Amino acid sequence: MLRKDLKMKRILSFLLAACTLLSMTTSAFALEKGDARAVIGADITEGQKAAVYKAFGIERDSVKELSVTNSEEREYLDGLVASSIIGTRSISCVYIEILGEGEGLQVSTSNINWCTKEMYANALVTAGIDNAKLIVTSPIEGISGTAALTGVYKAYEDITGEQLDEVAKLAGTQELVITAELANEIGDYDAVTIVNELKKILAETVDMTDSELEDEIKSIAADNNISVSDGQIKQLVSLCRSLEKLDPSELKAKVESLQDTVKKLAGAQAKVSEIASSVGSFFKSVGNFFSDLFSKIGK
């Protein structure tokens, strides 16, 4: 029963994270559906570039092409990511296409070994990017994907002609980095769970000392049967301090509203085991759109 309870918690946490892609942040920019950019790592060869466009599923000259360099990566990531992860060359590439209002994020990755699709999406929404299709790829297996993150920011700003909010961009980058590092040690679902739980109490954490916040993180981890080290707790404290600069009350309201939806659909009195047995019909009840979004993210 305990294992089933833990599994169900992780399913619901993932549901919240995925739904968050649809409503956590509203873009302030006027975007036109279909606008697209390809951002290519500056250090790949012409032959590799052809393979990248094949992975994107588009002709090379069909969209505007931008380039991202290793020095641009370091502008965003130095101090947040180990130099060995950033590397000395920009290899990963990204295709971004603007979708219609309410379509959320569709993220796929290939040959990227450091970040998952869900981590890219969650962090990008925090940075202010929503309603977009993202394809992250590399012509070489086992690439971290840090150039692609920088490329997404660059592409989005080129499409809109506007600069993304620097505070939100930094917070989004930091969320991606910390969640990725946590996931490597405690698993994807647990990493997303603890970060989203912290998002719900940012209005309170802003008045806490670091020591008090550390105790709160330990309590959240214990409540969700997640084991975190002292080093991981300090990383989460740092992330909280960044997220507090966005809009703690809005983040809390959005996460809580999604939780209420889950409870209502699942049944307020339903036991975890009962929810687990009917999770298939539960997904159907939230509509074909959500089901389609999950299937696209999962590919």
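At 22% relative accessibility, Glu-103 counts as partly exposed, and in this predicted model its side chain meets that of Lys-33 in a salt bridge, 3.3 Å from N to O. The pair ties together distant parts of the chain: Lys-33 lies in the loop between helix H1 (2-23) and S1, while Glu-103 lies in the loop between S3 and S4, 70 residues apart. Lys-33 itself is exposed, with a relative accessible area of 57%.

That contact is one of 12 salt bridges in the structure. Another brings together the side chains of Asp-158 and Lys-64, at 3.2 Å from N to O. Here too, distant parts of the chain are linked, with Asp-158 in helix H6 (residues 146-160) and Lys-64 in strand S2, 94 residues apart. Asp-158 is partly exposed at 28% relative accessibility, and Lys-64 is partly exposed as well, at 43%. Then there is the salt bridge between Lys-200 and Glu-197, at 3.1 Å from N to O. Lys-200 counts as buried because its relative accessibility is 11%, below the 20% cut-off; Glu-197, at 21%, is partly exposed.

Five strands line up in the order S2-S1-S3-S5-S4, forming an open sheet with mixed pairing. Strand S2 (64-68) and strand S4 (105-110) sit at the edges, each pairing on one side only. On average, neighbouring strands are turned by 15° against each other, direction ignored. At one end of the order, S4 pairs with strand S5 (residues 132-137) in the parallel sense over six bridges, and Leu-105 stands opposite Ala-132 in S5. Helix H2 (residues 46-56) packs on the sheet, where it touches strand S1 (36-41), S2, strand S3 (93-98) and S5. The direction of H2 makes about 145° with that of S1.

After H10 comes Asn-225, which has a positive phi, near 55°.

Definitions and conventions: Residues numbered from 1 in each chain as written. Predicted model: local features only at pLDDT ≥ 70, side-chain atom pairs only at ≥ 80, totals over all residues. Heavy atoms only, no water. Pairing = 2+ DSSP bridges. Helix = DSSP H or I, 4+ residues; strand = E, 2+ residues; numbered from the N terminus. Axes fitted to C-alpha atoms, helices over the stretch in contact; angles between N-to-C directions. Contact = heavy atoms within 4.5 Å. Salt bridge = Lys/Arg side-chain N within 4 Å of Asp/Glu carboxyl O. Buried < 20%, exposed > 50% of the residue type's maximum accessible area, 1.4 Å probe, protein only.
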